[in-house]
Amino acid sequence: IQIYGMYSGAGNTYSFFAPEVGLGYRAEFDVYDQNNKLLAIDELHRAATREGNLRIANIIEMISRRIDETLTRQLLGASLSGKLFARYPTATKTILRLESLDVPTMQEYREGVRYGWQPLYTAQFGYRKRLSP
C-alpha cells in the first residue's frame, strides 16, 4: 500500500498547512546533442494531462526521498532521461540536476532571508543510437 501511495500520489501529505512548510523539489535536465551543443533545459512538466505531471513530480520526489539508494536514484533518473531522449530525437546526453527548496522560518524571513534552491543530486545519462543492420 505504501508503494502504491508513492507511485500514485495518494500517500502525499499536506505539510503546506503545517507550522513548517515541507520541502519542495525540482528537477531540470540539460539536453545535449552529439556535438555537446545544448539543445534545451527541460523540467519535464509538459505532460498531456495534469495526472501525467503529477506522476513526474512523484518520481522526482521519490528520487529525493531515496537519495542514498544509488540504484533507485540511477534507475529513476535514467527513466526520466529516457522521456527526454524521446522528446529530443537528436539528443545523446542529459544532465539531471535535482534541487530542494530551502524555505526560511518566519523569523528568518523577517530578518531578510528568502527562499532558494539548493543542489541535492546531479547525474549524467547518455544515449547511443543503434545502427541499422
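**Entry 1: confidence**

I began with pLDDT, the predictor's confidence in each residue from 0 to 100. The protein chain averages 81, and 78% of the residues score at least 70. This is a predicted model, so I noted the rules: local features need pLDDT of at least 70, side-chain atom pairs count only at pLDDT 80 or more, and totals for chains, interfaces and linings use all residues. Residues are numbered from 1 along each chain as its sequence is written, and side-chain values use heavy atoms, with hydrogens and water left out.

Next I looked up the elements by confidence. Helix α1 (residues 2-8) has the lowest mean pLDDT, 65, while β2 has the highest, 94. Over residues 14-18 the pLDDT stays under 50, and the model has 3 contacts there beyond four places in sequence (a contact means heavy atoms within 4.5 Å). Where pLDDT is low, the predicted coordinates should not be read in detail.

**Entry 2: the layout**

I found 4 helices and 4 strands in the protein chain. They are DSSP runs numbered from the N terminus: helices are H or I with at least four residues, strands are E with at least two. The order from the N terminus is α-β-β-α-α-β-α-β.

I then checked how much is buried (under 20% relative accessible area; exposed is over 50%, partly exposed is in between, with a 1.4 Å probe and protein chains only). Buried residues make up 32% of the 133 residues. Among contacts between residues at least 6 apart in sequence, 62% join residues at least 24 apart.

**Entry 3: helix α2**

Helix α2 covers residues 50-65, which is 16 residues. From first C-alpha to last I get 22 Å, close to the 22 Å expected at 1.5 Å a residue; the expected span is 1.5 Å times one less than the number of residues. Its buried residues are I56, N58, I60, M62, I63 and S64.

A57 is also in α2, but at 30% relative accessibility A57 counts as partly exposed. A57 and R26 are 31 residues apart in sequence, yet their C-alphas are 8.0 Å apart in space.

**Entry 4: two single residues**

Is S100 buried or exposed? I looked it up in strand β3 (residues 91-102): S100 is buried, because its relative accessible area is 12%. Not counting residues up to four places away in sequence, S100 touches G24, Y25, G116, W117, Q118 and L120.

N36 sits in the loop between β1 (25-33) and β2 (38-42), and its 48% relative accessibility makes it partly exposed.

**Entry 5: rings**

How many aromatic pairs does a search of the whole structure find? I got 1 aromatic pair. F85 and Y127 are stacked, at 5.1 Å centre to centre with 25 degrees between the planes. For my own reference: rings of Phe, Tyr and Trp (its six-membered ring) pair if their centres lie within 6.5 Å, and planes under 30 degrees apart count as stacked, over 60 as edge-to-face and the rest as tilted.

The pair links distant parts of the chain, with F85 in helix α3 (residues 70-87) and Y127 in the segment after β4 (116-126), 42 residues apart. F85 is buried at 11% relative accessibility, whereas Y127 is partly exposed at 38%.

Last, I looked for charges over rings (NZ of Lys or CZ of Arg within 6 Å of the ring centre and within 35 degrees of the ring normal). The charged end of K93 sits over the ring of Y32, 4.7 Å from its centre. R114 lies over the face of Y109, at 3.7 Å from the ring centre.
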